[in-house]
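Colleague: Could you take me through the metal site in this one, up close? I'd like to hear what holds it together and how the pieces sit along the chain.

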Amino acid sequence: MSNHILIVDDEEMIRELLSSALEQEAYQCHGASNVDEAFALLGEIPVDLVISDIMMPGRSGVDLLRDLKRIDQDIAVLMITGLSDMTTALECVHLGADDYITKPFGINRVILTVKNLIERRSLTLEKKQYQTSLEFKVMEQTAQIRKTMNELSHAYDSTLTALVKALDAREKEVGSHSERVMNYTVFLGEKIGITGKELQELAKGALLHDIGKIGISDNILLKPGPLDEQEWLDMRCHPQVGYAILSDIEFLKGPAEMILSHHERFDGSGYPKGLKDEQIPISSRIFALVDTLDAMTSNRPYRKALPFAQMTEEIIKCRGSQFDPDITDLFASIPRRQWEECSGKRFID
Ligand SMILES: [Fe+2]
Ligand SMILES: [Fe+2]
(Lines give C-alpha, C1' and ligand atoms only; values in the text may rest on other atoms or scores of the structure.)
(Ligands and ions follow the chains in the order given, each with its own letter.)
Protein backbone atom coordinates (compact mmCIF):
# COMPACT_ATOMS: atom_id res chain seq x y z
CA MET A 1 0.00 0.00 0.00
CA SER A 2 1.56 3.22 -1.06
CA ASN A 3 1.42 6.34 1.11
CA HIS A 4 -0.49 9.46 0.16
CA ILE A 5 1.17 12.86 0.26
CA LEU A 6 -0.65 16.14 -0.04
CA ILE A 7 1.41 19.05 -1.36
CA VAL A 8 0.02 22.49 -0.55
CA ASP A 9 1.69 25.38 -2.37
CA ASP A 10 0.35 28.29 -4.43
CA GLU A 11 3.18 27.90 -6.94
CA GLU A 12 2.31 25.24 -9.46
CA MET A 13 5.95 24.73 -10.39
CA ILE A 14 6.93 23.75 -6.88
CA ARG A 15 3.94 21.37 -6.58
CA GLU A 16 4.97 19.66 -9.79
CA LEU A 17 8.62 19.47 -8.89
CA LEU A 18 7.83 17.84 -5.56
CA SER A 19 5.16 15.52 -7.03
CA SER A 20 7.34 14.13 -9.78
CA ALA A 21 10.29 13.57 -7.45
CA LEU A 22 8.16 11.86 -4.79
CA GLU A 23 6.16 9.79 -7.28
CA GLN A 24 9.42 8.28 -8.43
CA GLU A 25 9.79 7.06 -4.84
CA ALA A 26 6.39 5.36 -5.20
CA TYR A 27 4.38 7.89 -3.15
CA GLN A 28 0.97 8.97 -4.38
CA CYS A 29 0.92 12.75 -4.58
CA HIS A 30 -1.98 15.19 -4.59
CA GLY A 31 -1.72 18.95 -5.04
CA ALA A 32 -3.64 21.88 -3.56
CA SER A 33 -2.98 25.53 -4.29
CA ASN A 34 -4.51 26.89 -1.05
CA VAL A 35 -5.66 25.84 2.41
CA ASP A 36 -9.36 25.44 1.51
CA GLU A 37 -8.53 23.15 -1.38
CA ALA A 38 -6.21 21.21 0.92
CA PHE A 39 -8.99 20.58 3.46
CA ALA A 40 -11.37 19.51 0.69
CA LEU A 41 -8.84 16.87 -0.41
CA LEU A 42 -8.11 15.82 3.17
CA GLY A 43 -11.78 14.97 3.50
CA GLU A 44 -11.56 12.54 0.58
CA ILE A 45 -8.11 10.96 0.68
CA PRO A 46 -6.43 9.12 3.56
CA VAL A 47 -3.39 11.41 3.63
CA ASP A 48 -0.29 10.30 5.54
CA LEU A 49 1.84 13.39 5.10
CA VAL A 50 1.15 17.04 4.27
CA ILE A 51 3.89 19.19 2.80
CA SER A 52 2.86 22.82 3.09
CA ASP A 53 4.19 26.18 2.11
CA ILE A 54 3.62 28.95 4.65
CA MET A 55 2.96 32.09 2.66
CA MET A 56 -0.04 31.56 0.41
CA PRO A 57 -2.95 33.73 -0.71
CA GLY A 58 -5.86 33.31 1.73
CA ARG A 59 -5.18 31.32 4.87
CA SER A 60 -1.52 30.57 5.61
CA GLY A 61 0.30 27.32 6.11
CA VAL A 62 0.34 28.05 9.86
CA ASP A 63 -3.49 28.10 9.87
CA LEU A 64 -3.52 24.83 7.98
CA LEU A 65 -1.15 23.24 10.48
CA ARG A 66 -3.12 24.46 13.49
CA ASP A 67 -6.48 23.15 12.22
CA LEU A 68 -5.02 19.92 10.94
CA LYS A 69 -3.41 18.96 14.24
CA ARG A 70 -6.69 19.66 15.96
CA ILE A 71 -8.42 17.11 13.72
CA ASP A 72 -5.70 14.47 13.50
CA GLN A 73 -2.75 14.41 15.88
CA ASP A 74 -0.98 11.65 14.00
CA ILE A 75 -0.91 13.08 10.49
CA ALA A 76 2.68 14.03 9.56
CA VAL A 77 3.31 17.64 8.52
CA LEU A 78 6.38 19.04 6.83
CA MET A 79 6.52 22.82 6.47
CA ILE A 80 8.43 24.72 3.81
CA THR A 81 9.58 28.17 4.87
CA GLY A 82 11.55 31.04 3.42
CA LEU A 83 15.13 31.26 4.69
CA SER A 84 14.46 34.65 6.23
CA ASP A 85 11.54 33.39 8.30
CA MET A 86 13.02 31.32 11.12
CA THR A 87 10.53 32.67 13.70
CA THR A 88 7.60 31.23 11.78
CA ALA A 89 9.46 27.96 11.26
CA LEU A 90 9.92 27.60 15.01
CA GLU A 91 6.30 28.53 15.65
CA CYS A 92 5.31 25.70 13.31
CA VAL A 93 7.37 23.19 15.25
CA HIS A 94 5.74 24.47 18.41
CA LEU A 95 2.30 23.90 16.83
CA GLY A 96 3.14 20.30 16.03
CA ALA A 97 4.86 20.35 12.66
CA ASP A 98 7.11 17.30 12.43
CA ASP A 99 9.87 19.09 10.56
CA TYR A 100 10.58 22.08 8.30
CA ILE A 101 12.71 22.72 5.27
CA THR A 102 13.94 26.12 4.15
CA LYS A 103 13.73 27.42 0.62
CA PRO A 104 15.53 27.04 -1.67
CA PHE A 105 15.66 23.31 -0.98
CA GLY A 106 17.57 20.45 -2.54
CA ILE A 107 15.12 17.77 -3.70
CA ASN A 108 17.16 14.93 -2.18
CA ARG A 109 16.92 16.54 1.21
CA VAL A 110 13.09 16.67 0.82
CA ILE A 111 12.89 13.01 -0.18
CA LEU A 112 15.01 11.92 2.77
CA THR A 113 12.91 13.94 5.21
CA VAL A 114 9.66 12.58 3.73
CA LYS A 115 10.91 9.00 4.08
CA ASN A 116 11.82 9.58 7.71
CA LEU A 117 8.50 11.18 8.56
CA ILE A 118 6.45 8.45 6.85
CA GLU A 119 8.44 5.76 8.64
CA ARG A 120 7.96 7.47 11.98
CA ARG A 121 4.23 7.82 11.40
CA SER A 122 3.74 4.17 10.56
CA LEU A 123 5.61 3.16 13.70
CA THR A 124 3.39 5.45 15.79
CA LEU A 125 0.26 4.02 14.21
CA GLU A 126 1.42 0.46 14.76
CA LYS A 127 2.11 1.19 18.39
CA LYS A 128 -1.31 2.76 18.82
CA GLN A 129 -3.03 -0.18 17.18
CA TYR A 130 -1.16 -2.61 19.41
CA GLN A 131 -2.16 -0.59 22.47
CA THR A 132 -5.81 -0.56 21.43
CA SER A 133 -5.89 -4.28 20.78
CA LEU A 134 -4.15 -4.88 24.11
CA GLU A 135 -6.67 -2.73 25.95
CA PHE A 136 -9.45 -4.59 24.17
CA LYS A 137 -8.01 -7.96 25.18
CA VAL A 138 -7.70 -6.88 28.82
CA MET A 139 -11.28 -5.62 28.75
CA GLU A 140 -12.51 -8.86 27.23
CA GLN A 141 -10.69 -10.97 29.81
CA THR A 142 -11.92 -8.84 32.69
CA ALA A 143 -15.49 -9.36 31.51
CA GLN A 144 -14.88 -13.10 31.26
CA ILE A 145 -13.46 -13.27 34.78
CA ARG A 146 -16.37 -11.26 36.14
CA LYS A 147 -18.82 -13.62 34.43
CA THR A 148 -17.08 -16.68 35.87
CA MET A 149 -17.07 -15.16 39.36
CA ASN A 150 -20.79 -14.47 39.06
CA GLU A 151 -21.49 -17.99 37.89
CA LEU A 152 -19.41 -19.35 40.76
CA SER A 153 -21.24 -17.30 43.34
CA HIS A 154 -24.59 -18.45 41.86
CA ALA A 155 -23.34 -22.01 42.06
CA TYR A 156 -22.41 -21.50 45.72
CA ASP A 157 -25.80 -19.98 46.46
CA SER A 158 -27.71 -22.80 44.78
CA THR A 159 -25.64 -25.39 46.62
CA LEU A 160 -26.37 -23.72 49.94
CA THR A 161 -30.08 -23.43 49.14
CA ALA A 162 -30.26 -27.12 48.22
CA LEU A 163 -28.49 -28.09 51.43
CA VAL A 164 -30.85 -25.96 53.51
CA LYS A 165 -33.92 -27.40 51.79
CA ALA A 166 -32.70 -30.87 52.74
CA LEU A 167 -32.29 -29.76 56.37
CA ASP A 168 -35.74 -28.17 56.47
CA ALA A 169 -37.27 -31.31 54.96
CA ARG A 170 -35.64 -33.44 57.64
CA GLU A 171 -37.19 -31.30 60.36
CA LYS A 172 -40.54 -31.69 58.57
CA GLU A 173 -40.78 -27.92 58.22
CA VAL A 174 -43.84 -26.70 56.39
CA GLY A 175 -42.72 -24.45 53.55
CA SER A 176 -39.21 -23.21 54.07
CA HIS A 177 -38.45 -21.84 57.52
CA SER A 178 -34.85 -21.09 56.54
CA GLU A 179 -35.74 -19.02 53.49
CA ARG A 180 -38.40 -17.09 55.39
CA VAL A 181 -36.06 -16.20 58.25
CA MET A 182 -33.45 -15.19 55.70
CA ASN A 183 -35.94 -12.75 54.16
CA TYR A 184 -36.98 -11.39 57.56
CA THR A 185 -33.37 -10.99 58.64
CA VAL A 186 -32.37 -9.08 55.50
CA PHE A 187 -35.50 -6.94 55.80
CA LEU A 188 -34.71 -5.98 59.40
CA GLY A 189 -30.96 -5.69 58.72
CA GLU A 190 -31.60 -3.16 55.95
CA LYS A 191 -33.83 -1.12 58.26
CA ILE A 192 -30.99 -1.00 60.79
CA GLY A 193 -28.66 0.25 58.06
CA ILE A 194 -26.64 -2.88 57.26
CA THR A 195 -25.55 -2.98 53.62
CA GLY A 196 -23.27 -4.66 51.08
CA LYS A 197 -21.08 -7.58 52.12
CA GLU A 198 -22.34 -7.51 55.70
CA LEU A 199 -25.93 -7.81 54.52
CA GLN A 200 -25.01 -10.75 52.32
CA GLU A 201 -23.34 -12.44 55.28
CA LEU A 202 -26.44 -11.80 57.32
CA ALA A 203 -28.53 -13.53 54.66
CA LYS A 204 -26.25 -16.57 54.48
CA GLY A 205 -26.06 -16.85 58.27
CA ALA A 206 -29.86 -16.81 58.52
CA LEU A 207 -30.22 -19.35 55.74
CA LEU A 208 -27.74 -21.73 57.36
CA HIS A 209 -28.53 -21.02 61.03
CA ASP A 210 -29.44 -24.59 62.02
CA ILE A 211 -26.90 -26.38 59.82
CA GLY A 212 -25.35 -27.73 63.05
CA LYS A 213 -28.46 -29.88 63.54
CA ILE A 214 -27.04 -32.11 60.82
CA GLY A 215 -25.12 -33.84 63.63
CA ILE A 216 -28.21 -34.53 65.77
CA SER A 217 -29.87 -37.92 65.45
CA ASP A 218 -33.45 -38.25 64.18
CA ASN A 219 -34.52 -39.72 67.54
CA ILE A 220 -33.78 -36.42 69.20
CA LEU A 221 -34.57 -34.02 66.39
CA LEU A 222 -37.98 -35.53 65.63
CA LYS A 223 -38.91 -36.68 69.13
CA PRO A 224 -42.57 -35.82 69.75
CA GLY A 225 -42.31 -35.47 73.52
CA PRO A 226 -40.00 -33.39 75.72
CA LEU A 227 -36.25 -34.09 75.56
CA ASP A 228 -34.41 -35.63 78.50
CA GLU A 229 -31.35 -33.95 79.94
CA GLN A 230 -28.77 -35.67 77.72
CA GLU A 231 -30.86 -35.14 74.59
CA TRP A 232 -31.20 -31.49 75.47
CA LEU A 233 -27.43 -31.18 75.89
CA ASP A 234 -26.95 -32.70 72.42
CA MET A 235 -29.49 -30.33 70.96
CA ARG A 236 -27.76 -27.33 72.48
CA CYS A 237 -24.52 -28.17 70.70
CA HIS A 238 -25.90 -27.22 67.29
CA PRO A 239 -24.59 -23.61 67.25
CA GLN A 240 -21.01 -24.84 67.88
CA VAL A 241 -21.36 -27.68 65.40
CA GLY A 242 -22.61 -25.17 62.80
CA TYR A 243 -19.69 -22.89 63.58
CA ALA A 244 -17.21 -25.75 63.25
CA ILE A 245 -18.66 -26.73 59.88
CA LEU A 246 -18.59 -23.22 58.37
CA SER A 247 -15.77 -21.29 59.98
CA ASP A 248 -13.07 -22.93 57.86
CA ILE A 249 -14.77 -21.85 54.64
CA GLU A 250 -13.42 -18.41 53.76
CA PHE A 251 -16.65 -16.85 52.43
CA LEU A 252 -18.72 -18.28 55.31
CA LYS A 253 -16.58 -17.01 58.21
CA GLY A 254 -18.94 -14.07 58.88
CA PRO A 255 -22.08 -16.24 58.82
CA ALA A 256 -20.32 -18.77 61.09
CA GLU A 257 -19.91 -16.10 63.82
CA MET A 258 -23.56 -15.22 63.59
CA ILE A 259 -24.59 -18.88 63.80
CA LEU A 260 -22.43 -19.50 66.86
CA SER A 261 -24.42 -16.87 68.78
CA HIS A 262 -27.93 -17.37 67.41
CA HIS A 263 -29.24 -18.83 70.68
CA GLU A 264 -27.66 -16.26 72.96
CA ARG A 265 -30.15 -14.07 74.85
CA PHE A 266 -29.84 -10.36 75.53
CA ASP A 267 -29.81 -10.83 79.32
CA GLY A 268 -27.01 -13.42 79.19
CA SER A 269 -29.18 -16.48 79.85
CA GLY A 270 -28.69 -18.04 76.40
CA TYR A 271 -26.19 -20.56 75.05
CA PRO A 272 -23.47 -21.60 74.23
CA LYS A 273 -21.46 -18.84 75.94
CA GLY A 274 -24.04 -16.85 77.90
CA LEU A 275 -23.02 -13.61 76.12
CA LYS A 276 -24.84 -10.39 77.09
CA ASP A 277 -26.23 -7.41 75.15
CA GLU A 278 -23.49 -5.83 72.95
CA GLN A 279 -21.27 -8.90 73.35
CA ILE A 280 -23.70 -10.71 71.06
CA PRO A 281 -23.08 -9.84 67.39
CA ILE A 282 -25.79 -7.56 66.01
CA SER A 283 -26.47 -10.13 63.30
CA SER A 284 -27.29 -12.76 65.92
CA ARG A 285 -29.47 -10.31 67.87
CA ILE A 286 -31.50 -9.54 64.74
CA PHE A 287 -31.74 -13.18 63.82
CA ALA A 288 -32.84 -14.41 67.26
CA LEU A 289 -35.94 -12.25 67.04
CA VAL A 290 -37.03 -13.23 63.54
CA ASP A 291 -36.36 -16.91 64.23
CA THR A 292 -38.87 -16.73 67.07
CA LEU A 293 -41.26 -14.68 64.93
CA ASP A 294 -41.30 -17.36 62.27
CA ALA A 295 -41.41 -20.29 64.68
CA MET A 296 -44.47 -18.84 66.44
CA THR A 297 -46.35 -18.05 63.24
CA SER A 298 -45.74 -21.48 61.64
CA ASN A 299 -47.62 -24.72 62.28
CA ARG A 300 -45.59 -27.34 64.12
CA PRO A 301 -46.47 -31.03 64.47
CA TYR A 302 -47.33 -30.43 68.14
CA ARG A 303 -49.06 -27.02 67.92
CA LYS A 304 -50.82 -24.63 65.59
CA ALA A 305 -49.43 -21.28 64.42
CA LEU A 306 -50.19 -18.29 66.65
CA PRO A 307 -52.10 -15.27 65.33
CA PHE A 308 -49.94 -12.27 64.41
CA ALA A 309 -51.10 -10.11 67.34
CA GLN A 310 -50.35 -12.81 69.88
CA MET A 311 -46.89 -13.42 68.45
CA THR A 312 -46.17 -9.67 68.65
CA GLU A 313 -47.30 -9.63 72.27
CA GLU A 314 -45.03 -12.59 73.13
CA ILE A 315 -42.01 -10.97 71.49
CA ILE A 316 -42.59 -7.64 73.23
CA LYS A 317 -42.84 -9.52 76.55
CA CYS A 318 -39.26 -10.69 75.96
CA ARG A 319 -37.94 -7.18 75.22
CA GLY A 320 -34.68 -6.79 77.11
CA SER A 321 -34.60 -10.40 78.36
CA GLN A 322 -34.43 -12.60 75.27
CA PHE A 323 -34.26 -9.80 72.67
CA ASP A 324 -32.35 -6.56 72.14
CA PRO A 325 -34.75 -3.77 73.23
CA ASP A 326 -33.93 -1.51 70.24
CA ILE A 327 -34.49 -4.32 67.76
CA THR A 328 -37.72 -5.24 69.55
CA ASP A 329 -38.96 -1.64 69.26
CA LEU A 330 -38.06 -1.56 65.58
CA PHE A 331 -39.87 -4.87 65.05
CA ALA A 332 -42.97 -3.57 66.82
CA SER A 333 -43.03 -0.41 64.68
CA ILE A 334 -43.27 -2.33 61.41
CA PRO A 335 -46.81 -2.99 60.16
CA ARG A 336 -48.05 -6.58 59.75
CA ARG A 337 -48.55 -6.08 55.99
CA GLN A 338 -44.82 -5.47 55.50
CA TRP A 339 -43.91 -8.70 57.30
CA GLU A 340 -46.40 -10.56 55.14
CA GLU A 341 -44.95 -9.10 51.97
CA CYS A 342 -41.52 -10.07 53.20
CA SER A 343 -42.37 -13.74 53.89
CA GLY A 344 -44.89 -14.20 51.10
CA LYS A 345 -47.44 -15.72 53.48
CA ARG A 346 -50.52 -14.52 55.39
CA PHE A 347 -50.52 -14.62 59.18
CA ILE A 348 -53.64 -15.92 60.86
CA ASP A 349 -55.89 -13.64 62.87
FE1 LIG B 1 -31.03 -22.95 66.21
FE1 LIG C 1 -34.73 -21.64 63.14
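Modeller: Let's start with H238: its relative accessibility is 2%, so H238 counts as buried. Keep in mind that this is a predicted model. H238 gives its NE2 to the iron ion (ligand 1), alongside D210 through OD and H262 and H263 through NE2, at 2.1 to 2.3 Å. Along the chain those donors read D-x27-H-x23-H-H. Two of them tie distant parts of the chain together: H238 sits in helix α10 (residues 238-246), while H262 is 24 residues away, in the loop between α11 (253-260) and α12 (282-296). H262 counts as buried too, at 3% relative accessibility. As for geometry, the 4 donor atoms make angles of 82 to 170° at the iron ion (ligand 1), so the site is irregular: tetrahedral would need all angles between 85 and 135 degrees.

Now the neighbour: the iron ion (ligand 2) lies 5.0 Å from the iron ion (ligand 1). Ligand 2 is held by H177 (NE2), H209 (NE2) and D291 (OD), at 2.2 to 2.3 Å. Their spacing in sequence is H-x31-H-x81-D. Here again distant parts of the chain are linked, with H209 in the loop between α7 (196-207) and α8 (218-221) and D291 in helix α12, 82 residues apart. H209 is buried at a relative accessible area of 1%, and D291 counts as buried at 13%.

To place this in the whole chain, the domain assignment gives domain 1 (4-129) and domain 2 (171-343). The C-alpha centres of domain 1 and domain 2 are 79 Å apart.

Note on methods
Residues numbered from 1 in each chain as written. Chains lettered and ligands numbered in written order. Predicted model: local features only at pLDDT ≥ 70, side-chain atom pairs only at ≥ 80, totals over all residues. Heavy atoms only, no water. Domains from an automatic or database assignment. Donors = N, O, S within 2.8 Å, 3.2 Å for Na, K, Ca; no water. Tetrahedral: all angles 85-135°; square planar, octahedral: opposite > 155°, others 65-115°. Helix = DSSP H or I, 4+ residues; strand = E, 2+ residues; numbered from the N terminus. Buried < 20%, exposed > 50% of the residue type's maximum accessible area, 1.4 Å probe, protein only.
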